[in-house]
Amino acid sequence: MTKHHVSATINGEPAEFLCEPQQTLLDALRDELDLTGSKEGCSSGDCGACSVIVDGRLVCSCLMLAVEAEGHAIETIEGLAQGTKLHPLQQKFLEHAALQCGFCTPGLLVAAKALLDRNPNPSETETRYWLAGNLCRCTGYDKVVRAVLDAAAELRGA
Amino acid sequence: MLDYRAPSTVEEAIRILSGASGVAKLLSGGTDLLVQLRSGRTKPDLIVDTKKIPGMIGIREADGGFVIGAATPGAMIGECENLQKAWPGVVEAANLIGSTQIQGRASLAGNLCNASPAADSVPALIAARATCVVAGAKGRREVPVEDIVTGPGRTCLSRDELIIEFHLPKRPPRSADAYLRFIPRTEMDIAVVGAGVNVTLDRSGACTDARVALGAVAPTPVLVPEAAAALVGHKLDEKALAMLDGAARRACKPIDDKRGTIEFRTKIAGVLARRAAAIAFERAGKQL
Amino acid sequence: MNDAAPQFKWVGTRPIRPDGVPKVTGRALFGADLAMPGMLVGAILRSPHAHARIRSIDTSKAAALPGVKAVVTSADFPEQKFEYVGPERVAMNFWHMTRNIMAREKVLYEGHAVAAVAAISKAVADEALSRISVDYEVLPHVIDVDEAMQPEAPLLFPDMITRGIDPAPTKPSNISKRIEYKLGDLEAGFAAADEIVEMHFKTAPVHQAYIEPHGCVARFDADGQGELWSSSQGHFVVRALTAKLLGMKIGDLRVYPAEIGGGFGGKTVVYIEPVATMLARKSGSPVKIVMSREDVFRASGPTSGSAMTVKIGVKKDGKIVAADGVFKYQAGAFPGSPVMNGCMCAFSPYDIPNARSVGYDVVSNRPKVAAYRAPGSPISAFAVESVLDVLAQKIGMDPLQMRLKNAARAGTQMLYGPKLAHNGYAETIEAILNHPGYKAPLKKNQGRGVASGYWFNAGGESSATVHVNEDGTVVIATGSPDIGGSRASMAIMAAETLGIDYNQVRPIVADTASVGYTHLTGGSRVTFATGIAVVEATKKVINELCARAAMTWKVDAEGVIWEDGHARPASSNVGDFAPLSLKEIAAKRGLTGGPIGAAASVNPSAVGPGFATQFCDVEVDPETGKVTVLRFVAAQDVGRAIHPSYVEGQIQGGVTQGIGWALNEEYIYTPQGRLDNPGFLDYRIPVASDLPMIEAVLVEVPNPSHPYGAKGVGEVNIVPPMAAIANAIDRAIGRRLTELPMSPPKVLAAIDGGKQT
């Protein structure tokens, strides 16, 4: 079996891994790089639990081949906190009880970060549509949306 | 055993495709291909990633129109202000493909060549008179979008061909387009029906030119000249809308499936054609 | 709110959950996240047929493939005795269960497991599965519940005689069981009614649709000891079922709870755990199995679809005088639908003198149902609460006032036997009546619907241990998997009881060898029953702390009381001692008897039932039939909210699942009996943009049998939404929808063809 050698930047650090051509970026993150924070909920791009940011764009890592990561910059949930200092989104998710089981939470946080990177002052509707690709079966999204809006306000210094 | 290649020129891509033994699949955004790979619905021997080819990602203005790289992700299409101003219907259709995550990857070429009757961008592109540039071993050809898809999952491209870019023509004054789709939820569904309408108005607000295309109501997205004819010569009045509705319904040859019934799809096609026309007229009317 | 509510320091506050940080940083380990050295990949071969006899299975080519370390079929599992065991409402039959985890004589649904392999990689495992040849004799299948009940329907079990009918039928059928509850004189009741409405209903099976697919890792040693790491709603139950299905002693299997990515009832049973354990036993290596999303939909349990008829009679003043319901529930491929719950809960919110409910448990060629949030109750409530709305309109009464007039209260005789022990229902109605939104004006094509619901709530066996650390911090260990913040509520109750800071308490979920037996996280039982265990163990620790202080002070233990986190002399007669803090007592433990800790195991039954009343506003697009939920307000009697945020979260989540059930979720089958929508693309659960904020109204009628008044809060919130939405649609457009889901094609068909109600 021919494995491809891939060099990429993951959470700001250079990273290298070997992968087979059919492996997805999600497979590589979880199985080759031990970054199991990105979750597999569907493998079809419908649940968003595997969300990562590639060169500033939000994508499902289950819908990208690992070999395609060559030369690109990837941000995963593991890179959201700075060491032990939580990102305001993480802090607000905790304060608002925006998670119950916590399985969809990494994907939601990565997606929310991509939103706030682009739009520091999203409306509730914009937030809901942006996050429509992140399924959560526990919360009904209510506290998730509140946490994102509150984190946005904090990041704006409002 | 699956192989992966990422050529850096169109010519190299054509060479790889021409020389491939077994099944070769082109990869642009991959949002359909990877799902099919994972489920085993497609078992290619070779994947040719088009995104390292210069020009495949990006949007430029040319001859008063627009050139969109075949693998340009939806999110980038949505961020192009001039394109949005000239072709709001095309942009909203491209941006309706999947979630934010899908938008980070999904491309016009992928949406078209996946050849689903329900592809969101395709009716809007057809209504817009968009063409695509197809490159292959025999050279390049410009093909109207409506001629690409020949049946569910089938296109007119030969094995050594790939779409490299889409062209949107220069707009006459007082022109606008709109795309609407029906889905059971607000997001994340495949279109049950899609309707793209593109109009040009005269100074009085009467329609001088129209194109109407429907998705998910036949084996391929369909251009409906009868629906366009219902609009031409008319302002946006009840009678024109009723004729449009009827023409749209008559163009439907849908199936019953898990996403909708024949009866439902047919009726909704008329409703969406009317509503999309109303939006297109309103947008064009703002330029009166 | 109770005016005399005691003042608490921690109960009723909203501290950050103890397990929160790992879950927002991606460090928490769920079922698929564990890896062990030398671990193999397990994969399961599943039936492509809805119903077929297995003539033979040839696994030799798979076993011969390099990299394949074990192959199992049903032949590897011991046969089980045919008997229904456990309480009738949740009875299990291991003869059925062993056939569900691995088909024997027949496959009974598409996706039914027939064989499994363990191999060095997923690619090898998948290749091995493709080399297993199964010789099927395809049989006619039946999917729909009404069709399955027909005399000529294909039989799943050729010898199944309906239970619960006297004399027993002589012919076999797909009807596993009939049940009936009766109260009063039905005929006389209907004779006295001024208005009677009888309607038929159908509901589609819906899946819990937790985002985490089932995942586990098993290992097995040559001495017969096994270990299993799995994502479930009850690792003790996983241990018991897996041991039974493998013929092991319970003591030889240790199960560790992974973090669980949602369950809602669906992770109360086993599918992959016995298979992984058997593969580990045969291969000698650890084996991981993770279901794909398609496997989850095809082969794990949704809840029942149903066909129902409900007839209710009322007086002109709104008093319900008679109610009759027939509830036919699909069980899936093996008996055991929640129809008994459906029959028991259907009329329970109301004081009805004459009532009957009849239920049928019906098998068909679908995956065996599993529990789903208040199992059974939402289905029958959809029918009952819809009929009540029709009646309220007929007699011109506000639907909430009608419910209030008939509300069951403490002492009300319930159809299924007991008298209702608690109030709480009427209070939820009043909360909605008093909500300003209930009177707010609506626009064209908009409507407001109300509905109520009942759920038993559960108690049952729970254990907890409490340890005081050397520095006075405290660890509490329970056996309840934390599915939505229960570690936070356990820490709150321990901190409140001890009178110490919440952040001094670390709660954990302990494995099956490290804490006493604890039943499932389900039935809305954890905060109630495991909470009692935590408080009992904490009280034992307090007694011990008092005894240690007494020893230090050289006084009698009775002379010491515990107050505000300190041991104090009970009175000045005891002596003049400065209070001793928990920290100080812990520091001196070596001089007073050593480590301080206690365990408690309990089996409480004095639950407070769950009642909910909700209203929603919807808008219907008259041209497309699409229903948009504009507003949703959900009141629920929660006893007392220990951590209000997570109580609200339960209500918001349950309502949202109900909205999905009402509008779009369903199992769709092809004519061949194959599931046509086994993914999140076409199994349409609500997404963020579908919903408004869900307003949870916490009604607090404390449960006197819980130290802090808690009632279960997890489930009853999913009971009313389907009827509330149907009622709102009817009031918006004058069309009564009686089939779930109320998807756009059905609503549009009702608009175009239906009669004005």
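Which residues in α8(C) are buried? In this predicted model, the buried residues of α8(C) are C:Glu273, C:Pro274, C:Val275, C:Ala276, C:Thr277, C:Met278, C:Leu279, C:Ala280, C:Arg281 and C:Ser283. Because 10 of the 11 residues of this helix, which spans residues 273-283 of chain C, are buried, α8(C) is largely enclosed by the rest of the structure. The helix is followed by C:Gly284, a residue with a positive phi, near 80°.

One of the buried residues of α8(C), C:Val275, touches C:Gly42, C:Ile44, C:Val72, C:Ile101, C:Met102, C:Ala113, C:Ala116 and C:Ile289, when residues up to four places away in sequence are not counted. C:Val275 is also among the residues with the most contacts inside the largest nonpolar core, a set of 414 residues in which B:Val224, B:Ala273, C:Val117, C:Ala494, C:Ile725 and C:Ile729 are listed alongside it. Helix α15 of chain C (residues 526-553) supplies the largest share of this core, with 13 residues.

In chain B, 4 strands form an open sheet in the order β11-β12-β13-β14, and the pairing is antiparallel. The edges of the sheet are formed by β11 (175-182) and β14 (222-223) of chain B, each of which pairs on one side only. Between β11(B) and strand β12 of chain B (residues 193-201), the antiparallel pairing extends over 8 bridges, and the bridge partner of B:Ser175 in β12(B) is B:Thr200. Helix α5 of chain B (residues 88-95) packs on the sheet, where it touches β11 and β12 of chain B, and the direction of this helix makes about 25° with that of β11(B). Helix α11 of chain B (residues 262-285), in turn, lies across β11, β12 and β13 (207-215) of chain B and runs at about 30° to β12(B).

Contacts between chains were examined next. The contact between chain C and chain A takes 42 residues from chain C and 41 residues from chain A. On the side of chain C that touches chain A, the elements giving two or more residues are α1 (20-25) and α17 (644-663) of chain C, and α17(C) gives the most, with 7 residues. By class, this side of chain C has 20 nonpolar, 15 polar and 7 charged residues. Chain C also meets chain B, with 16 residues of chain C in contact with 16 residues of chain B. The side of chain C that touches chain B has 6 nonpolar, 5 polar and 5 charged residues.

Definitions and conventions: Residues numbered from 1 in each chain as written. Chains lettered and ligands numbered in written order. Predicted model: local features only at pLDDT ≥ 70, side-chain atom pairs only at ≥ 80, totals over all residues. Contact = placed C-beta atoms within 7 Å. Nonpolar A, V, L, I, M, F, W, Y, C, P; charged D, E, K, R; others polar. Core = buried A, V, L, I, M, F, W, Y, C linked by C-beta atoms within 7 Å. Buried ≥ 20, exposed ≤ 12 C-beta atoms within 10 Å, placed from the backbone. Pairing = 2+ DSSP bridges. Axes fitted to C-alpha atoms, helices over the stretch in contact; angles between N-to-C directions.
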